[in-house]
Amino acid sequence: MLGLTLKEVSSAFREGRISPTELCRKCLNRIKKTRPLNAYITVTEELSLKQAQQSEARLRRGVPKGPLDGIPFAVKDNFCTENIRTTCASKMLEGYTPPYNATVVQKLLDQGAVLMGKTNMDEFAMGSGSTDGTFGPVRNPWSYAASYRTQTGAAPDSDWVITGGSSGGSAAAVASLTSYLALGSDTGGSTRNPGALCGVVALKPTYGLVSRHGLIPLVNSMDVPGIITRSVNDAAIVLGVLQGIDVRDSTTVPAPSALVELPEDFDVRNLRVGIPKEYHAPGLSEETVAQWSRVADLFERAGARVEQVSLPHTQYSIVCYHVLCCAEVASNMARFDGLEYGHRSEMESSTEVMYASTRHEGFNDVVRGRILSGNYFLLRQNYQHYFLKAQKVRRLIADDFSRVFGSGVDVLLTPTTLTDAARYYDFTQEDNRTRSTQEDIFTQPANMAGLPAVSVPTALSRRGLPIGLQLIGPALEDKKLLCVARWMEQRVGFPSISDSDSSQESRNDAGVTRREQMSQYNWDYISSFPFRKFYVEVLNHRL
């Protein structure tokens with residue numbers, strides 16, 4: 001039951017095969033069983049059961065609130081949730097309880113969805129591995145899949161792999177079947193990166209299509225609430241609920257069209273698929289290149305026109321992104337001063353001492369380093385040389401995309417990450433800045449340009465870990481992008497995650513029953529194991 005799609009769960013509710021309360025208890029039990037993954041910071045068990053019972057009462061009366069009524073969901077811990085602690089995985093906000101819900105959270109609750117809890121992340125969403133939060137790293141559920149353990153002979157307590165970040169907890173929650181959907185934030189790839197590494201679908205909508213109100217900001221000009229689900233159609237259903245104008249967020253735009261369900265059989269014969277030549281980056285694994293080529297061939301054999309395109313300013317994108325990111329971080333983090341909310345140091349010999357000690361105690365090295373770097377870029381003598389030039393390069397990057405899509409290309413097909421998931425030990429041998437530079441290389445250009453992008457799981461690597469590919473579309477063409485993504489999803493044959501409580505029989509989105517070779521998780525195996533320098537350098541790059 002936990003492996004069903006949103007549509008199938010709603011049907012099961014209507015037919016009486018399971019109730020929202022029973023499903024909620026199943027998810028709560030799965031959360032307890034998979035606790036060593038460290039996917040959740042806060043589990044809202046009492047609230048979840050109350051919301052599930054209310055949903056059950058509505059369904060008995062035949063008046064469901066919407067397509068998500070009774071559906072369990074999880075929320076990244078940088079979205080405000082009324083009367084539920086919101087920490088951003090930081091000591092700075094360890095005791096903060098917001099008095100209101102983020103707009104996206106409220107919209108899901110208004111549909112009757114059931115909140116299971118708040119998910120783990122990198123501190124203040126600054127990272128690409130979900131390893132730098134104050135609550136500890138998140139473990140990738142695929143670390144315990146038979147495919148990985150058989151192929152590598154991995155030792156479960158030392159060879160586990162990362163989820164990616166910074167929305168790693170949300171991706172792990174969906175991949176481990178503890179929730180049907182999860183919200184993440186996407187500033188430079190923070191939903192798509194963990195989506196690819198955890199084998200789930202991760203959507204970054206067009207900037208402004210989904211409200212940022214209540215999302216604790218990292219980079220206001222790039223932050224977008226992201227959607228993580230187990231199928232493209234599920235992502236489309238959730239986007240249909242979340243999109244649209246919000247009077248509390250002046251950057252929101254009207255939804256171009258209602259999003260209900262995607263067509264069963266999308267015709268790609270007139271589609272033009274672009275392959276950016278600049279995305280053949282150093283460090284790209286042979287397996288990822290092979291999957292990139294395989295999927296391009298699938299499009300071509302189906303009648304689509306696949307062609308190489310150029311985005312010439314891509315080579316400057318990651319440097320430009322980090323200048324702008326650090327500058328906005330320095331501005332946004334200024335609000336955390338120990339006066340109004342969050343952590344406050346006991347050193348109060350003077351206001352200046354209290355400020356300094358509060359921020360030193362409350363922020364980790366990564367956050368403090370980005371603040372330091374951002375303030376450097378914003379100094380009067382550096383503003384034009386760094387920040388202003390980075391803004392100009394950002395415009396050139398956006399113009400590259402506009403020119404390609406203006407030439408008639410419908411979507412771009414790229415890798416999501418350089419490789420499959422790294423072992424935690426290997427990943428932490430490098431500093432946060434280096435890791436982020438490597439992991440964000442394919443994802444952050446879409447944020448710079450404000451474009452929609454979705455990562456779709458494509459295959460398992462030789463190590464038995466997921467590989468994902470990314471589709472990027474023109475602004476506000478989210479529905480078409482999802483149609484293409486669903487067509488791709490239906491043909492790549494990615495081995496679905498199986499719910500061990502159900503049989504091996506599963507249904508695809510078209511409703512056709514099939515028996516697949518599933519990648520089973522051994523949750524008892526997981527439960528048997530115990531839970532357990534960022535240096536800022538001035539960017540010496542010609543912008």
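Rings of Phe, Tyr and Trp (its six-membered ring) pair if their centres lie within 6.5 Å; planes under 30 degrees apart count as stacked, over 60 as edge-to-face and the rest as tilted. With that definition, ring pairs link Phe 124, Phe 336 and Phe 363 into a cluster.

Good morning, colleagues. This is a predicted model, in which local features need pLDDT of at least 70 and side-chain atom pairs count only at pLDDT 80 or more, while totals for chains, interfaces and linings use all residues. Residues are numbered from 1 along each chain as its sequence is written, and side-chain values use heavy atoms, with hydrogens and water left out.

Let me continue with the aromatic rings. The structure holds 12 aromatic pairs. In one of them, Tyr 279 and Phe 442, the ring centres are 5.7 Å apart and the planes stand at 20 degrees, so the pair is stacked. This pair links distant parts of the chain, 163 residues apart: Tyr 279 is in the loop between β7 (272–276) and α9, and Phe 442 is in the loop between α15 (432–439) and α16 (444–449). Helices (H or I, at least four residues) and strands (E, at least two) are DSSP runs, numbered from the N terminus. Both Tyr 279 and Phe 442 are buried; buried means under 20% relative accessible area, exposed over 50%, and partly exposed in between, with a 1.4 Å probe and protein chains only.

I turn now to the sheet. In what order do the strands of the open sheet run? The 11 strands follow the order β1-β3-β2-β4-β6-β5-β10-β11-β9-β7-β8, with mixed pairing; two strands pair if DSSP finds at least two bridges between them. At the edges stand β1 (40–43) and β8 (305–309), each with a single partner strand, so one side of each is left without a neighbour in the sheet. Strands β4 (residues 181–186) and β6 (residues 224–229) run antiparallel and are joined by 6 bridges. Ser 185 stands opposite Pro 225 in β6.

Finally, a helix pair. The axes of α9 (residues 286–301) and α17 (residues 478–492) come within 11 Å and cross at roughly 110 degrees. Axes are lines fitted to C-alpha atoms, for helices over the stretch in contact, and angles run from 0 to 180 degrees between N-to-C directions. Here contact means heavy atoms within 4.5 Å. In α9, Arg 294, Val 295, Leu 298 and Phe 299 meet Val 484, Trp 487, Met 488, Arg 491 and Val 492 of α17. Thank you.
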